[in-house]
Structure formats: structure tokens, C-alpha cells
Amino acid sequence: MEISLRNQVAVVTGASSGIGSGIAKSLASAGATVIVNHSSERSTDEAKAVLKEITDAGGKGITYQCDVSKEDQVIKMFQDTVSQFGTVDILINNAGIQKDAKFTEMTIDQWNAVIGVNLTGQFLCAREAIKEFLRRGIDPSRSIACGKIIHISSVHEIIPWAGHANYASSKGAIRMLMQTLAQEYGADKIRVNSICPGAIQTPINKDAWSTPEALNSLLNLIPYNRIGQPQDIGNLAAFLASDLADYITGTSIFVDGGMTTFESFSTGG
Ligand code: NAD
């Protein structure tokens, strides 16, 4: 059994770092041409480094700067991708941020920034991707499906998170966005799923793993007793995007070392 994404074009948002970079490398190693999206001028070098790893390993792709919370930029990213590569087959809606604050101190800017990237960004990219999937139609030389969308959600799509109301709200909403799209476009053979990572070692949660004390207390939440790596998410993303997963749509898959079994109940609650 081989995971193959040959002849397919994948847009991976927020691919200059962390989970997005791991997914971009996994999809490229399965044969996809990958658009390594990054948000700003500042992240250009990181995106180029990810692309270099891809091409050094024999993969294909480009870097593309686009702020996914901006409608005009997202529309242009999809238009440019289609003019350069002919179409888009796979969207990985990964870009995400945190702006943490105690709820009563959370500013409207902190709220809007997180909802803008984590939710509106996923809406805008999914809308442009689905329009392109429908324009192209099913092409069996690429995939049995017309297109695949994978939302990167979080365990916080179901675990409430004090001090992170904006983030948890954005992830809870992604579940309904994902399921609604899977329902609305199932008959068109567009598959839509979410991956819900637990604690993955990336810059977004550096405070939770960068000292031995912090890491120990994090491991108390993870029955499998290790922190996750971007590759753990990349492995599933490649499978979910492939025809091996053709009957999987409208679901959230947790990749969390057992975090959602609620380890704190392991001693009787
Ligand atoms: P990260 O900070 O390493 O990566 C986030 C990426 O998003 C970066 O490449 C950043 O440049 C990009 N980004 C930010 N704003 C953007 C914008 N406006 N437009 C385009 N790109 C933008 O963090 P990560 O841990 O790799 O996070 C990736 C996704 O995984 C996020 O959606 C996050 O919520 C989710 N997640 C992470 C964890 C974890 O433990 N690391 C757990 C659950 C969910």
C-alpha cells in the first residue's frame, strides 16, 4: 500500500513553520507539488528553507506570501496557483495564531486577530479551493475525489481552554465549518476533514516545552508520555489527502497521544 499524491497540487497555509512545514514535507514526499504559503516578508527565509528541504529531497513546490485573513490576497494566491500549475487538488488550512488573555481583559483586537486568521482565513481559503475543485471537476488521472480539504483544528475544538477564549472559539467553529462543507459538497466528491493536534512541539507553544519543568507538567496531560512532532500530523495529512482515505469525510481525527482521554481522570477522578 502506497500513499500517492502524484500529479496533485497542494496549498499548505502557514507552511513556513511548525505543523505546516511538517505537512508540506509529507505531501511533497508523497509526490504533490506544494505551495508553501507564508504570511509576511518576515517569514520569507523560513518558507524558502522549507522549500529547499522539499527540493533537496526530490520534491516540487514554490513559496507564496499571502495573509490568509485578507480576502484579496487569498483570491490572488489561488488565481496565481491555478495559472502556474493548472489547478489545486488539496488545501491544508493550517495557518493559526494565539493571542492569549484573561477573558475580561481580552481586547477586541486580540479577539479579531485570532478569529481573522484561524476562522476567517480557513473560510476564505476553503471557498476559493472549492470553487476551483468544482471548475475542474473530477479527473481520475489525479484522484478519485474532486478535491480534498483538511482543516487543522485542535484538541481545543472540544476541550475548553481558560485564558484562550478566542482560540478555543475559533477551533470549535472550525468543526461546524468542516462538517457543513462535507455535507454541502459530498455529492460533488469533495472530501473535507479536520485534524485535531494535541501538544505538538512548535514555536506556537514554546512556553509549554522549552524548560524541563514545563515539559514535565505538559506530559502529565499526555498518556502516551511524549510531545508530538510536526511529522505526526504530516503523516496523517498525507493519508487523508490520498485516495486511500476516499470514504473518510466530515470527521475530526485527534492526533494527541491520548490527551482527549483526560489523563487527570486516570487515578479515579
Ligand atoms: P507555528 O506558529 O509554528 O505556525 C503557524 C504558522 O501560521 C506560521 O507559519 C505562521 O507564519 C502562519 N501564519 C500566521 N498568521 C498567518 C496569516 N495571517 N496568513 C498566513 N499564515 C499565517 O504554530 P503551529 O503549532 O505549527 O500551528 C499550526 C496550526 O496548528 C495552527 O492552526 C494551530 O492552531 C494548530 N495547532 C497547533 C498545536 C500545537 O501544539 N503546536 C496544537 C493544536 C493545533
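The following dialogue examines how several terms apply to this predicted model.

Tutor: In this predicted model, local features need pLDDT of at least 70 and side-chain atom pairs count only at pLDDT 80 or more, while totals for chains, interfaces and linings use all residues. Residues are numbered from 1 along each chain as its sequence is written, and side-chain values use heavy atoms, with hydrogens and water left out.

Student: Why is Glu 157 called buried?

Tutor: Buried means under 20% relative accessible area, exposed over 50%, and partly exposed in between (1.4 Å probe, protein chains only). Glu 157 has a relative accessible area of 8%, so the residue is buried.

Student: Why is Arg 42 called exposed?

Tutor: The relative accessible area of Arg 42 is 77%, therefore this residue is exposed.

Student: What makes the pair Glu 157 and Ser 153 a polar contact?

Tutor: A polar contact is a pair of N or O atoms within 3.5 Å; within protein, one must be able to donate a hydrogen and the other to accept it, and residues adjacent in sequence count only if both atoms are side-chain atoms. The side chains of Glu 157 and Ser 153 are joined at 2.6 Å.

Student: Which strands are the edge strands of the open sheet?

Tutor: Seven strands form the open sheet, with parallel pairing, in the order β3-β2-β1-β4-β5-β6-β7. The edge strands are β3 (60-65) and β7 (252-255), as each pairs on one side only. Strands are DSSP runs (E, at least two residues), numbered from the N terminus.

Student: What makes β4 and β5 a pair?

Tutor: Two strands pair if DSSP finds at least two bridges between them. Four bridges join β4 (residues 90-93) to β5, so by the definition these parallel strands pair.
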